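Here are my notes from going through the model.

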Amino acid sequence: MKAQQARTLFVEFFARQDHARVASSPVIPHGDQTILFTNAGMNQFKDVFCGRETRPYTRAVTAQKCIRAGGKHNDLDNVGRTARHLTFFEMLGNFSFGDYFKKDAIRWAWDLLTGSYGLPADRLYATVFRDDDEAWGLWRDAIGLAPERIVRLGEKDNFWSMGDTGPCGPCSEILYDRGAQHSCGPECGIGSCDCDRFFEIWNLVFMQFDQAAGGARMPLPKPSIDTGMGLERLCMVLQGVDSVYETDLLSALIDKVAALSGRPYDRGKDGLPHRVIADHIRSLAFALADGAFPANDGRGYVLRRILRRAARYGRMLGFHEPVLFRLIDTVAELMGDAYGELPPRRAAIADVIRNEEERFGVTLDQGLARFAAITAELKAAQPPKRRIEATGNITLPSPQVSGSAVFLLHDTYGFPPDLTARMAEEEGFTVDQAEYEALMEAQRERSRSSAKFADVLAGGIECAGAPPTRFRGYDVLSLATEIVAAAELEDGRAAVVLAETPFYAEAGGQVGDKGVIEGPTFRITVEDTQKRGAHYLHIGALEGTGLAPGKKVTASVDATARAATQRHHTATHLLQAALRAELGTHVEQRGSRVAPDRLRFDFTHFAAVPPDTLRRVERHIAEAIVANKALSVCVVPIAEALAGGAMALFGEKYGEEVRVVGIPGLSTELCGGTHCARTGDIGFFRILSEGSVAAGVRRLEALAGPDALAVSYEVEDTLERCARALKTAPASLPAKIEALKEEIRALKHKSAQAGSQELDRGEERLGAITAAWRIYAGAGAEELRAIWDREKDRVRDTVLALFGRSESAVNLLVCLSPDLRGRKGLHAGKLAQAAGKAMGASGGGRPDMGQSGGKNPAAIKDAAAAFLAAARAQAAESA
């Protein structure tokens with residue numbers, strides 16, 4: 001049975017039992033800071049189980065995409081080494097929210113496995129919690145399972161909890177006996193070993209208790225059901241294969257890796273790279289499709305670790321150019337029918353991965369060489385002793401890779417520490433994790449910023465018992481209200497909570513309002529407004545006395561600042577629409593800051609936006625401003641909003657009802673911010689800058705209104721000053737600048753020709769290609785470039801190495817003559833790297849031009865010889 005059929009059978013079976021079909025939530029958990037990735041089917045229902053949210057159904061079924069690669073649930077180190085561990089997997093689950101309980105959960109699980117899936121009943125076993133007599137009895141009496149095939153286990157194996165407190169309960173696992181041929185030995189048995197004979201298929205969790213902080217458990221008024229069955233594991237059994245990697249969910253990816261590398265897949269140790277890459281590319285594809293991006297912290301760092309682990313295994317298969325991105329089409333073909341977000345984003349996902357591969361590729365080989373040198377020193381000092389079992393429980397210690405070496409590989413070459421640890425293990429070494437952690441903590445301490453004011457404030461005002469703040473700022477900018485909580489802070493500052501307020505509290509990228517709160521004997525100049533739960537904190541400078549809860553006050557927002565903020569917020573919505581129109585629908589917001597003085601907008605895109613495109617974006621917005629369209633605002637159920645095409649902000653958590661801001665024919669977004677009444681209120685719009693903030697994420701800064709017009713005037717004034725200085729008209733500045741550049745270039749050439757004496761030269765004919773080198777006295781990088789500019793039109797079929805030698809340094813420039821550019825097998829950057837290595841230096845660059853430099857002039861002839869040797873190898877490959 002294929003995976004697609006198995007997935008469909010599961011969902012349809014429970015739909016017939018009146019379960020609502022609920023789509024998989026993203027693998028990036030929106031609004032849940034307790035986990036890095038969605039790692040179970042129940043994640044999206046956590047608030048339902050805890051009583052914080054209600055849904056229009058009490059039964060649900062899902063096929064949930066999951067990632068376990070960080071935090072408490074982390075299978076990263078086991079991937080490819082066992083038959084069943086993956087970082088990405090699908091979890092099939094059925095759920096009851098105070099509806100049915102153990103009897104139905106057990107009966108339906110048994111009927112589906114033995115009926116729809118056709119598993120032989122005599123190969124199924126069940127485990128129950130040691131004290132769960134009810135579940136034991138149901139398995140024996142309702143299902144007819146023999147008592148010897150119902151195993152009682154302890155809390156570690158068969159009791160589930162959401163955390164230290166909250167819903168929890170016993171669970172029952174269903175296992176499949178794969179046969180004696182998979183036994184680990186005489187002691188093999190459920191609860192006695194962890195081998196793959198008795199294979200866990202499905203876990204049924206019976207949430208029936210509420211655990212208090214002290215550990216006491218009280219029965220829940222409405223017990224619930226949470227089940228999870230790994231689709232890959234199920235398919236392993238249904239398809240009769242020995243590994244999840246041999247199922248139809250992963251085998252095509254492994255075949256693709258084998259085809260690209262020319263290395264046939266091996267079920268044993270030699271197939272480890274194939275398995276790791278096949279698994280990791282699925283995690284990367286789904287995480288990127290759901291809006292995550294590689295970064296240096298949080299889940300972005302976990303993704304970067306996954307990608308770099310895969311890249312290193314790619315090196316083991318002989319890949320020295322980016323290759324992971326070439327697997328995305330295969331992932332989309334395998335999973336696109338079930339998860340429709342993949343196919344339209346495949347190109348964007350591939351771009352991010354290729355960009356990351358290229359960046360890491362620059363340091364990967366250098367880092368591997370450095371690691372080889374570190375382990376060579378250890379081997380020379382003491383041969384490695386692999387961690388083998390001796391008599392009893394004694395293990396022989398292994399020499400350690402120092403924590404400082406692990407830190408160096410991480411900090412300088414970008415090697416995640418777990419990758420270094422795995423590489424060390426493969427060489428028979430351990431790593432000094434304690435020293436590494438100490439070095440990392442010292443670095444964190446140096447860079448740790450001071451706590452935010454809001455964090456300090458949190459302990460200074462008591463809101464418990466106060467009613468939620470009622471926000472009136474959509475309709476009014478000033479109102480009479482009452483203080484419900486207050487605190488005087490240091491430096492003459494204060495924080496207050498009002499019964500109702502016109503002040504917008506910072507959220508969704510829009511900054512908090514400023515203004516004034518006036519009481520009978522005091523005045524607060526509000527500098528910021530922040531949310532704490534359901535309460536709005538108004539923070540600012542206090543004048544006067546008598547600040548206390550119960551005081552009547554007048555709260556007034558700074559109308560000028562609010563109007564500027566609204567212009568920027570409405571312009572941000574138009575900006576996203578214009579970017580999607582010009583660049584494509586892969587553009588999604590990744591962050592923003594909407595303030596009175598400017599707007600900042602971060603969005604997904606994989607290259608710099610050209611100036612002419614930015615001008616077209618500005619034109620889109622100018623046309624919308626001139627159209628003077630009236631904005632629409634409504635509050636509707638979230639399902640209705642999303643079905644109507646409203647865009648949601650990545651990372652935000654929304655309630656069952658949402659506020660929708662629409663600009664007819666242009667934009668519809670979920671948004672709680674404040675806006676102009678009409679697009680014409682924006683007045684004028686100007687983009688200030690565009691740049692990169694992370695791999696695959698760009699940032700635009702812009703201005704709206706009078707400030708944008710002021711910037712345009714500043715630009716005109718600057719052009720006028722430049723024109724006067726160069727004695728020309730503003731329209732003639734480009735031609736004038738080009739003429740000056742050409743004059744400077746000619747002077748540089750003349751200087752290089754006069755000042756750089758050729759000391760030595762050599763060349764070698766390599767078939768149709770000539771490899772030549774020259775050494776110049778005192779030539780720096782600029783002089784070498786000038787020499788190349790002079791020579792490049794005079795040479796053909798030539799790879800040329802230009803050395804500049806001084807008393808204490810060497811500069812190197814390697815170039816391909818223009819007619820050789822694009823020739824397969826020729827790479828100037830790699831030739832520079834080979835020559836640089838001979839001088840004890842690094843090197844690299846593009847296929848057509850590479851550079852190096854070192855502090856060892858005595859080795860310059862060795863470098864020239866290394867250049868020729870590397871050129872011979874490349875010429876042979878390109879022939």
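What does α9 reach from its first C-alpha to its last, and what is expected at 1.5 Å a residue? Before the answer, some ground rules. This is a predicted model, where local features need pLDDT of at least 70 and side-chain atom pairs count only at pLDDT 80 or more, while totals for chains, interfaces and linings use all residues. Residues are numbered from 1 along each chain as its sequence is written, and side-chain values use heavy atoms, with hydrogens and water left out.

1. Back to α9: with 19 residues, this helix reaches 28 Å, close to the 27 Å expected. The expected span is 1.5 Å times one less than the number of residues. Helices here are DSSP runs of H or I with at least four residues, strands are E runs of at least two, and both are numbered from the N terminus. α9 is mostly covered, with 15 of its 19 residues buried (under 20% relative accessible area; exposed is over 50% and partly exposed in between, with a 1.4 Å probe and protein chains only). Gly 318 follows α9 and has a positive phi near 95°.

2. The partner to look at is α13 (residues 417–426), whose axis comes within 9 Å of that of α9 (residues 298–316), crossing at roughly 30°. That makes α9 roughly parallel to α13 (under 35 degrees; over 145 is roughly antiparallel, 65 to 115 roughly perpendicular, the rest oblique). Axes are lines fitted to C-alpha atoms, for helices over the stretch in contact, with angles from 0 to 180 degrees between N-to-C directions.

3. Now try α8 and α11 (residues 342–381): their axes come within 9 Å and cross at roughly 110°, which makes the two roughly perpendicular. Ile 281, Leu 284 and Phe 286 are among the α8 residues here, and α11 brings residues including Ile 349, Val 352 and Ile 353.

4. The largest nonpolar core has 114 residues, and Tyr 117, Trp 139, Ile 201, Trp 202 and Ile 353 touch the most other members. A core is a set of buried Ala, Val, Leu, Ile, Met, Phe, Trp, Tyr and Cys residues joined through side-chain atoms within 4.5 Å. Helix α8 (residues 272–289) gives the most to this core, at 11 residues. Apart from it lies another core of 28 residues, among them Ala 801, Ala 835, Ala 863 and Ala 864.

5. On α23 (residues 860–878), buried residues include Ala 863, Ala 864, Phe 867 and Leu 868. The buried residues of α23 pack against β29, β30, β31, β32 and α22.

6. Lys 727, in the loop between α19 and α20, has a positive phi near 55° without being glycine, and is exposed at 74% relative accessibility. Asp 797, between α21 and β31, has a positive phi of about 50° and is partly exposed at 24%.

Key
Contact = heavy atoms within 4.5 Å.
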